[in-house]
Amino acid sequence: MKVNMDSVKSLLKTLFSLSLGLLIIWAMYRNTDMGELWHIIKSANIGVILASLIFGLIGNTIRGLRWELFVNSLGYHPPRASIVYATLGNYAVNFVLPRAGDIWRCGVVSRYDSIPFSKTLETFLVDKMVDIVAGLVIIFISVLLYIDFFASYLRDNPQFTDGLTNMFSSVWIYVILAVVVLIIGLMCTLFRKTSFMEKIYKFFSTLKYDLKLISKMKEKKRIIIYTILVWLCFYLYFYICFYAFDFTKDLGPLAGLIVFAMTNIGISVPVQGGIGPWHFVVISSLLILGVAEKEALAFAGAVFTIQSVWQILYGLFGVIAMPYVKREQKL
């Protein structure tokens, strides 16, 4: 019986990242009275959380429309539904394997709409870069508006600064950097004429050309508008949930923005759906804002579970709907 090593590696990677996330959750909830936690969750207005879900769907739909603009700028015009369904499906696949949904999104559009994978990947990377910049802007604005919060957060969670200090004080980080630089130097000199390096050079040459096309696109204002709408929807998706609990409903929109900014840091960790890191940043942020520990645990557990089920449901719809999108028959 043959064993597919790639499948085994993917499975091990999935199990490792999932185990890491579950370990973080266990560490946070291990001393919690689950009966009391459930009582807090039952007292919440679940209808408010359910109402917030529409903003998650709208935000990701608009994100698909923004990606469509980048794809169109390279001369490709797949059906709009195809781009939107692929974007929605992205999130369901991410729950199976961290970041795999990003590759799946590019691959499925390439397959069904006859667009070279390199083109869908390039436009996705540009689209992703826009979101990274937007996320950093939100964090920067949050820091300016509420710098005392971030000072308290770093003081109460010294593992962040300690981790950075330990990383840069270790000799191994510099050894690894030196090896990486050496490998890149060898590939650009001794192995420059190999077929592999020629493919690399060709890819970057094509990427440079396509980025010029994207930079000249006429829909820049729409990109900005879509990006603002995407992040406004995501903010409301999270902040409206504050009104479901008596202990968060009076914290205010600025507090909501602060915790929302922290969630963007949590979901950047390569773990399925942000399981674990998302809980950690939300709980620790609410504690600094004066919410009791058990109440913060209940908020994170309820909101994450409901929103994750919602993302999986509409993501599965996107995956299932992709083959049924009406496409022009090519002669």
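User: Which helices cover the buried residues of α4?
Analyst: In this predicted model, the cover over the buried residues of α4 includes α3, α5 (100-113) and α14 (293-321).

User: How many of the 15 residues of α4 are buried?
Analyst: Twelve of the 15 are buried, so that α4 is mostly covered.

User: Which ones?
Analyst: They are Ser-82, Ile-83, Val-84, Ala-86, Thr-87, Leu-88, Gly-89, Asn-90, Tyr-91, Ala-92, Val-93 and Asn-94.

User: What span should α4 have, and what is the distance between its end C-alpha atoms?
Analyst: Helix α4 covers residues 80-94, and at 1.5 Å a residue its 15 residues should span 21 Å. The end C-alpha atoms are 22 Å apart, which agrees with that expectation.

User: And α5, what are the figures there?
Analyst: The 14 residues of α5 should span 20 Å at 1.5 Å a residue, and the end C-alpha atoms of α5 are 20 Å apart, in agreement.

User: Which residues of α5 are buried, and what covers them?
Analyst: The buried residues of α5 are Gly-101, Asp-102, Arg-105, Cys-106, Val-108, Val-109, Ser-110 and Asp-113. Their cover includes α3, α4 and α6.

User: Changing topic: how do the axes of α3 and α6 meet?
Analyst: The axes of α3 (residues 46-73) and α6 (residues 117-145) come within 9 Å and cross at roughly 130 degrees. Because this angle lies between the perpendicular range, 65 to 115, and the antiparallel one, over 145, α3 is oblique to α6.

User: Is that crossing left-handed or right-handed?
Analyst: The crossing of α3 past α6 is right-handed.

User: Which residues make the contact?
Analyst: From α3 the contact uses Arg-63, Arg-66, Trp-67, Phe-70 and Val-71. From α6 it uses Thr-120, Thr-123, Phe-124, Val-126, Asp-127, Val-130 and Asp-131.

User: What classes of residue are those?
Analyst: The contact of α3 with α6 has six nonpolar, two polar and four charged residues.

User: Stepping back, how many helices and strands does the protein chain have?
Analyst: The secondary structure comes to 14 helices and zero strands.

User: What share of the protein chain is buried?
Analyst: Buried residues make up 43% of the 331 residues.

User: And what share of the contacts joins residues at least 24 apart?
Analyst: Among contacts between residues at least 6 apart in sequence, 73% join residues at least 24 apart.

Notes: Residues are numbered from 1 along each chain as its sequence is written. This is a predicted model: local features need pLDDT of at least 70, side-chain atom pairs count only at pLDDT 80 or more; totals for chains, interfaces and linings use all residues. Side-chain values use heavy atoms; hydrogens and water are left out. Axes are lines fitted to C-alpha atoms, for helices over the stretch in contact, and angles run from 0 to 180 degrees between N-to-C directions. Helices (H or I, at least four residues) and strands (E, at least two) are DSSP runs, numbered from the N terminus. Angles under 35 degrees count as roughly parallel, over 145 as roughly antiparallel, 65 to 115 as roughly perpendicular and the rest as oblique. A crossing is left-handed if the near helix is turned anticlockwise from the far one by less than a right angle, and right-handed if clockwise. Contact means heavy atoms within 4.5 Å. Ala, Val, Leu, Ile, Met, Phe, Trp, Tyr, Cys and Pro count as nonpolar, Asp, Glu, Lys and Arg as charged, and the others, Gly among them, as polar. The expected span of a helix is 1.5 Å times one less than its number of residues. Buried means under 20% relative accessible area, exposed over 50%, partly exposed in between (1.4 Å probe, protein chains only).
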